[in-house]
Amino acid sequence: MSLLLYYALPALSGYALLSILLLRRPRLLHTPWVPAFCPRLGAHRGGSGERLENTMEAMENAMALRADLLELDCQLTRDGVVVVSHDENLLRQSGLNRDVGSLDFEDLPLYKEELEVYFSPSHFAHGSDRRMVRLEDLFQRFPRTPMSVEVKGENEELIHKIAGLVRRFDRNEITVWASEKSSVMQKCRAANPEMPFSFTLSRGFWMLLLYYLGLLPFVPIPEKFLFSFLPTIINRTYFPFSCPGLNQLAAVVSKWVIMRKSLIRHLEERGIQVIFWCLNEESDFDVAFSLGATGVITDYPTALRRYLDNHRTAARAS
């Protein structure tokens, strides 16, 4: 036993010291990703707190506010058109209880005149534009604007059509694959491996496990983006569970696990951009950027633009 400790303790101490060194200086081992763009202001569904979500009017409003990233979800119509829509079922958005995939593009209903902002409960958005938009139309209107495209289901036709549109409009470097499911992400990467992609849920948990075991500095990371919720919004503007007690527990646990400056600094040093969503209050902007995040995704691009401009002015004055 004493012989084991004689060799084990120095080995463990050496491992711990090397892990700490590489956590702080990952470029000693890894060549960082070189970002094609740096999104400080991301517009969630185009800025769904200021205009009706995912409409061309919402996207144009976000771009007028100098958004760096448009965050959106895609669905496929019956006639094979890729449309920008968060929900597969249209009931919440339009009042029609039909799936997008059961209708041709020309038959899609208009959005309701007002829609509740998901991450700002009891707040509603309005707009003059109530039409659903094709992904192709967004690529034509904003050819060099970075976009994050989330795919929720394992619809291979949808995935291949998105990949084809990205190639057609020469957007490989500025269009990000996003999905919560690793099985979906595998299909996305196979359809267009040139596009950057983000962590899935399971990959995110795996990354956190490696971090707490001290192994993360030694492991290659193919992802270029981490889109993560900010734990401080749980039980305030984000309610992942129907039980208040579970939400409170999730807020405490996730805050302890995720909000680690050393982790975010390590990822950023490796060229992995950390983006927190979906933040709609200035206090949350402060928390995200104080942790070292690259940027923030918000429903209210006007508020985030004002925050960024004010803090840039303050930094210059100091």
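Being four residues apart in helix α11 (residues 301-317), Arg 305 and Asp 309 are separated by about one helical turn. Helices (H or I, at least four residues) and strands (E, at least two) are DSSP runs, numbered from the N terminus. The model is predicted: local features require pLDDT of at least 70 and side-chain atom pairs pLDDT 80 or more, while totals for chains, interfaces and linings use all residues. Residues are numbered from 1 along each chain as its sequence is written, and side-chain values use heavy atoms, without hydrogens or water.

Arg 305 and Asp 309 form a salt bridge, with the closest N and O atoms 3.1 Å apart. The term denotes a side-chain nitrogen of Lys or Arg within 4 Å of a carboxyl oxygen of Asp or Glu. Arg 305 is buried at 8% relative accessibility, whereas Asp 309 is partly exposed at 24%. Here buried means under 20% relative accessible area, exposed over 50%, and partly exposed in between (1.4 Å probe, protein chains only). Salt bridges with shared partners also join Arg 45, Glu 53, Asp 87 and Arg 92 into one network. The structure holds 20 salt bridges.

Another salt bridge pairs Lys 152 with Asp 73 (3.3 Å, N to O). This pair links distant parts of the chain, 79 residues apart. Lys 152 sits in the loop between β7 (147-150) and α5 (156-168), and Asp 73 in strand β2 (residues 69-76). Lys 152 is partly exposed, with a relative accessible area of 30%. Asp 73 is buried, at 1%. Glu 223 and Arg 203 also meet through their side chains in a salt bridge (2.7 Å, N to O). Glu 223 lies in the loop between α7 (201-213) and β9 (225-229) and Arg 203 in helix α7, so the pair ties together parts 20 residues apart in sequence. Glu 223 is buried at 2% relative accessibility. Arg 203 is partly exposed, at 27%.

In soluble globular proteins, nonpolar side chains tend to be buried together. The largest nonpolar core in this model has 69 residues. Such a core is a set of buried Ala, Val, Leu, Ile, Met, Phe, Trp, Tyr and Cys residues joined through side-chain atoms within 4.5 Å. Leu 72, Leu 135, Leu 138, Ile 162, Trp 177 and Phe 276 touch the most other members. Helix α5 provides the largest share of this core, six residues. Beyond four places in sequence, Leu 135 touches Leu 72, Cys 74, Val 82, Val 83, Val 84, Ile 162 and Leu 165; contact means heavy atoms within 4.5 Å. A separate core of 11 residues includes Leu 90, Phe 105, Tyr 111 and Leu 115.

Thr 55 lies in the loop between β1 (41-44) and α2 (56-64). Thr 55 is buried, with a relative accessible area of 0%. Leaving aside neighbours within four places in sequence, Thr 55 contacts Tyr 111, Asp 129 and Arg 131.

In helix α10 (residues 282-290), the buried residues are Asp 284, Phe 285, Ala 288 and Phe 289. They cover an arc of only 125 degrees around the axis, which puts them on the same side of α10. The arc is that of the directions from the helix axis to the C-beta atoms. Gly 292 follows α10 and has a positive phi, near 105 degrees.
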